[in-house]
Amino acid sequence: MSIQLKCLSHTPLRGRNDPSADVVAEVDAVLAQSRAEVEAFDPELILVFAPDHYNGLFYDLMPPFVVATAAESVGDYGTLTGNLSVDAELALELTKHLTDSDLDVSLSHRLQVDHGCTQTLEEMTGSLTRYPVIPIIINSVAPPFVPYRRIRKLGEAVGNFLAGLNKRVLILGTGGLSHEPPVPLLADSPQEVQEFLICGRNPTPEGRAAREARTIAAGRIYGSELCQQTPLNAVWDEAFIELLQSGELEQVDDFDIQQISTEAGRSTHEVRTWVAAFAALAASGPYQARKDYYRPINEWIAGYGVVSATPA
Ligand SMILES: O=C(O)CCC(=O)/C=C/C=C(\O)C(=O)O
Ligand SMILES: [Fe+2]
């Protein structure tokens, strides 16, 4: 087996509420370089750890993490629609391996996924179907969350499974870093919003457009005094990237969920996907991680980072 890792922020506001042209060009160049590296690696399998933003998973049954044997993109925020090329047989084998590893993982034979999964797949491969893929969705948006140590254990167990495959595997993590887009909280919401958070699958086109318009409007004022959301936190982001580079992943076991929400924003917990991805890589031994890019970008509501890693 050979293995590579890429963890990236995603943002539904890319192309919808852009920062200055020089920043857009910087990010375009980093993504083009990353995509060229993926092309050169030519993965036989992509394992993508991703969050969901109330498009596939709702509070009628909210799992901490779920492996999909089939996944369809809802195409929110202009992302590609259609089925991902999930390797169903391997996804099922992985699920069995995870349950045998004492992890109570959920399984879906028909999951809807959103930009949180598809944007990075699209940016890294140009498609939803170019390579066989296994999606693992990690709840990063709908509290309560399992402790970070559980995410590290999940990643480790996934990595042990991947180590037994005779394949070139690309591990992707997508989300974060610090940020707080306008995702409603169940506890604070009026009844119609609670109803949506519990079972709001397949919204009308108007409903989806209203959600997207709210996010764009939030991006226009994010980081200004008009904005109520927690601002980006570059110090937190840089420290998190350094932690990943240090290889001392057990440090995430002490992460305080409430403190992260307060200091860096509620959606910062999308970094769970990065924790799982790095723990999966670390299961095969020491690694080297390279910071390809970091910049706090208010227009995209994102502490925007790209990190790559390979076995040392
Ligand atoms: O779309 C909605 O209904 C709520 C807003 C939302 O989900 C925004 C998501 C933004 C990101 O994915 C992000 O910044 O990571
Ligand atoms: Fe997100």
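Tutor: Before we start, a polar contact here is a pair of N or O atoms within 3.5 Å. Also, this is a predicted model.

Student: Okay, so how far is an oxygen atom of ligand 1 from an N or O atom in the side chain of Glu270?

Tutor: The distance is 3.1 Å, so that pair falls within the 3.5 Å cut-off for a polar contact.

Student: And what about Arg211, how far is its side chain from an oxygen atom of ligand 1?

Tutor: There, an N or O atom of the Arg211 side chain is 2.4 Å from a ligand oxygen.

Student: How much of ligand 1's accessible area does the protein cover?

Tutor: It's 96% of the 390 Å² that ligand 1 has on its own.

Student: Where does ligand 1 sit?

Tutor: You'll find it in the largest pocket.

Student: Which residues come nearest to it?

Tutor: Out of 13 residues around ligand 1, the nearest are His53, Tyr77, His115, His179 and Arg211.

Student: What classes make up that shell?

Tutor: Six residues are nonpolar, five are polar and two are charged.

Student: Switching topic: how many disulfides are there?

Tutor: Zero in this structure.

Student: Is Cys227 buried or exposed?

Tutor: Cys227 is buried, because its relative accessible area is 15%, and buried means under 20%.

Student: And why does Cys199 count as partly exposed?

Tutor: Because its relative accessibility is 39%, which lies between the 20% limit for buried and the 50% limit for exposed.

Note on methods:
Residues numbered from 1 in each chain as written. Chains lettered and ligands numbered in written order. Predicted model: local features only at pLDDT ≥ 70, side-chain atom pairs only at ≥ 80, totals over all residues. Heavy atoms only, no water. Near = heavy atom within 4 Å. Polar contact = N/O pair within 3.5 Å; in protein donor to acceptor, adjacent residues only side chain to side chain. Areas by Shrake-Rupley, 256 points an atom, 1.4 Å probe, with all protein chains shown as cover. 1 Å grid on protein atoms, 1.4 Å probe; cavity = no way out; pocket = protein on both sides within 12 Å on 5 of 7 lines; lining within 4 Å. Sits in = over half its atoms within 2 Å of the grid points. Nonpolar A, V, L, I, M, F, W, Y, C, P; charged D, E, K, R; others polar. Disulfide = S-S within 2.5 Å. Buried < 20%, exposed > 50% of the residue type's maximum accessible area, 1.4 Å probe, protein only.
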